[in-house]
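Okay, shall we get going? I'd like to walk through the open spaces in this one, then what lines them, and then the charge pairs.

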Amino acid sequence: MTHTGGRDRTAPVPSGFESPAVVDGGLPVFHERLKDELTFPLAWGASPIRDFRTWRRTARATVEEHLLQPPDHTPFAPETTDERRAEGYRRRIVLFNVTRFSRVRALMLLPEGKGPHPAVLLLHDHGSRFDIGKEKLVRPWYDGTRLSSASAWADRHFGGRFVGDELARRGWAVLAVDAPGWGDRSGLTYEGQQALASNLFNLGSSPAGLMAREDQRAAAFLASLPDVDGERVAALGFSMGAYRAWQVAALSDHVRAAVAACWMTGLKEMMAPGDNTLRGQSAYFMLHPGLPRHLDIPDVASIAAPKPLHFTDGADDPLFTAAGVETAYRKLRAVWHSQDAGERLHTEVRPGLGHVFTPGMQDDAFAWLDRWTGRGREG
């Protein structure tokens, strides 16, 4: 009998033997059977918990556990290092402790006039573009090189607008912070994401969990500022930023509403041959290990119910299948309707559009924010 690496080479091949074991660019050959085992038993409606507030606390605690990153209560210790006037608003550079590990440089825009103002936490996308982060959403007045990159990004995805500057002109205070690896915190490359993820896992953390904690902290910081009405703080993001926006709405009591442009799907529909997620790398920033054993992606977003949430996507978005988006929207609608809050949830798929947040989509989203949490209350 010959042994190689501890395996008996003379042992009979089991019935139904599958070879190769890995197919379709990284999927195990038995991926459909693994998906069948994902029943999302903690989802609202599937869980034995029938009181929604109790379910929400339980579901949030489950997500928190899978962040692999403990809560942080480090004093923010803010410091304004630059302030300049723009047309209708002021621009600031603010330093603050986003965690006990990191002091970051954030961009803040404040409308003219007496506050406190309603506020939006802006959450940037991934885009495999790491030299700019917060600058994708707020016009960088302090760096010509970044301005060139950011302007090209705004032209490509936002119809030439800087979303944060547009919100500030409309009366919203705005805060934008780099996620780890972007902008001021760069140093990441596309190929380096796997190494970063594995190293963080070995250190008892994860890219997605660290980013989620930082977004929670940024929301708390924004709500604490004297120029901001802490009862009217929203989150808004595009692509990965959309994922971050509904996630922070689910995990933070400081966020009262959210706009998510171009990131929502059912997990099973996403894990299909040819899907962008299967390339790995970028997926680590939106992956909480083990969580799908409990909750689907829209189930996590549903922890935010009955807060006002606005989801928008393009029908031709190549990153998400129509089936995945519809599955997620159907689950979300069921949760909000169960709480008699259907009017607080907006879900739409826009014909003829891809992975973009156009000025028309922005205008509708801003009007929706005004209606629920913003200047609409001020008459």
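So, the second largest pocket: 17 residues line it, and Pro71, Asp72, His73, Gln216 and Arg217 are the ones nearest its centre. A pocket here, on a 1 Å grid over the protein atoms alone, is an open set of points with protein on both sides within 12 Å along at least five of seven lines, and a lining residue has an atom within 4 Å of a point. Quick caveat before I go on: this is a predicted model, local features need pLDDT of at least 70, side-chain atom pairs count only at pLDDT 80 or more, and totals for chains, interfaces and linings use all residues. Numbering runs from 1 along each chain as its sequence is written, and side-chain values use heavy atoms, with hydrogens and water left out.

Back to that pocket. Its space comes to about 300 Å³, where volume is the space filled by probe spheres set on the grid points, and points are joined across faces, edges and corners. By class, the lining has five nonpolar, six polar and six charged residues. For the classes, Ala, Val, Leu, Ile, Met, Phe, Trp, Tyr, Cys and Pro are nonpolar, Asp, Glu, Lys and Arg are charged, and the others, Gly among them, are polar. Helix 2 and helix 6 each supply at least two lining residues, and helix 6 has the largest share, with four. Helices, by the way, are DSSP runs of H or I with at least four residues, strands are runs of E with at least two, and both are numbered from the N terminus.

Helix 6 is worth a stop. It has 18 residues and reaches 26 Å from its first C-alpha to its last, close to the expected 26 Å; that expectation is 1.5 Å times one less than the number of residues. Is helix 6 enclosed by the rest of the structure, or open? Largely enclosed, because 17 of its 18 residues are buried. Buried means under 20% relative accessible area, exposed means over 50%, and partly exposed is in between, with a 1.4 Å probe and protein chains only.

Of the 13 residues lining the largest cavity, Val177, Asp178, Glu214, Asp215 and Arg244 lie nearest its centre. Strand 8 (117-123) and helix 6 are the elements giving two or more residues to that lining, with helix 6 giving the most, four. The lining divides into nine nonpolar, no polar and four charged residues.

Now the largest pocket, at about 1300 Å³. It has 50 lining residues, and the closest to its centre are Met270, Met271, Thr277, Ala283 and Leu287. Helix 7 gives the most to the lining, with four residues.

On to the charges. A salt bridge is a side-chain nitrogen of Lys or Arg within 4 Å of a carboxyl oxygen of Asp or Glu, and the count comes to 33. Which one involves helix 6? Arginine 213 lies in helix 6 and glutamate 64 in helix 2, so this pair ties together parts that are 149 residues apart in sequence. Their closest N and O atoms are 2.4 Å apart, and arginine 213 and glutamate 64 are both buried.

Arginine 169 and glutamate 166 meet in another salt bridge, 3.4 Å from N to O. They sit three residues apart in helix 4, so about one helical turn separates them. Arginine 169 is partly exposed at 44%, whereas glutamate 166 is buried at 14%.

Then arginine 84 and aspartate 82 form a salt bridge at 3.3 Å. Arginine 84 is partly exposed at 43%, and aspartate 82 is buried at 18%. Arginine 84 also stands opposite arginine 91 in strand 6.

Last one: Arg105, Lys134, Glu135, Asp143, Arg146, Asp178 and Asp184 are linked in a network of salt bridges. Asp178 is also among the residues nearest the centre of the largest cavity. That's my tour.

Definitions and conventions
On a 1 Å grid over the protein atoms alone, a cavity is a set of points where a 1.4 Å probe fits but cannot get out, and a pocket is an open set with protein on both sides within 12 Å along at least five of seven lines; lining residues have an atom within 4 Å of a point. Two strands pair if DSSP finds at least two bridges between them.
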